[in-house]
Amino acid sequence: ILLISPYSMLKKIPFKNEFIESVIHLEKGQIYSQQKLEQQLDKLGYIHVEFVTDAGEYTLRGGIADIFPAGNADPIRIEYFDDEVESIFTYNKHTACC
């Protein structure tokens, strides 16, 4: 017996190649523009907000990108210098200052 909601039955499950293509791989020192990051996040269904508080949200402010991936307990902050990734780290959404 399988118990699932009607919504779960209708929800699209991505093919393996679609899933692999949706992965955004970033590392310190890499060139990856904020504009490209924003386009990828929009394509993946992330919601642009003023302040990140829940999974599936992101914001871009100056040289900072905050992203809250699904499955993470805390959001991720990416700090940029121009188009270069300077640092990537998680932060506590309850104690972070805007």
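Let's start with a pair of charged side chains: Asp 66 and Arg 61 meet in a salt bridge, 3.4 Å from N to O. The term salt bridge is used here for a side-chain nitrogen of Lys or Arg within 4 Å of a carboxyl oxygen of Asp or Glu. Keep in mind that this is a predicted model, in which local features need pLDDT of at least 70 and side-chain atom pairs count only at pLDDT 80 or more, while totals for chains, interfaces and linings use all residues. Residues are numbered from 1 along each chain as its sequence is written, and side-chain values use heavy atoms, with hydrogens and water left out.

Asp 66 has another partner too: its side chain meets that of Arg 77 in a salt bridge of 2.7 Å, N to O. Arg 77 sits in strand β4 and Asp 66 in strand β3, so this pair ties together parts that are eleven residues apart in sequence. Put together, Arg 61, Asp 66 and Arg 77 form a linked network of salt bridges. The structure holds two salt bridges.

Arg 61 counts as partly exposed at 26%. The cut-offs are simple: buried means under 20% relative accessible area, exposed means over 50%, and partly exposed is in between (1.4 Å probe, protein chains only).

From the N terminus on, the order is α-α-α-β-β-β-β-β. Helices (H or I, at least four residues) and strands (E, at least two) are DSSP runs, numbered from the N terminus.

The five strands form an open sheet in the order β1-β2-β3-β4-β5, with mixed pairing. At the edges stand β1 (47–48) and β5 (84–90), each with a single partner strand, so one side of each has no neighbour in the sheet. Two strands count as paired if DSSP finds at least two bridges between them. Strands of a sheet pair through backbone hydrogen bonds, either parallel or antiparallel.

Let's walk across the sheet. Strand β2 (residues 57–61) runs antiparallel to β3 (residues 64–68), and five bridges join them; here Tyr 58 stands opposite Ile 67 in β3. Next, β3 and β4 pair in the antiparallel sense over four bridges, and Ile 67 has Ile 76 as its bridge partner in β4. Then β4 and β5 are antiparallel over six bridges, with Phe 89 in β5 as the bridge partner of Arg 77.

At 67% relative accessibility, Asp 82 counts as exposed.

What lies across the sheet? Helix α3 (residues 34–43) lies across β1, β2, β3 and β4 (76–81), running at about 160° to β2. That angle is between N-to-C directions, on a scale from 0 to 180 degrees, with axes fitted to C-alpha atoms, for helices over the stretch in contact; contact means heavy atoms within 4.5 Å.

Finally, look at helix α2 (residues 16–22), where Phe 19 lies. Phe 19 counts as exposed at 52% relative accessibility.
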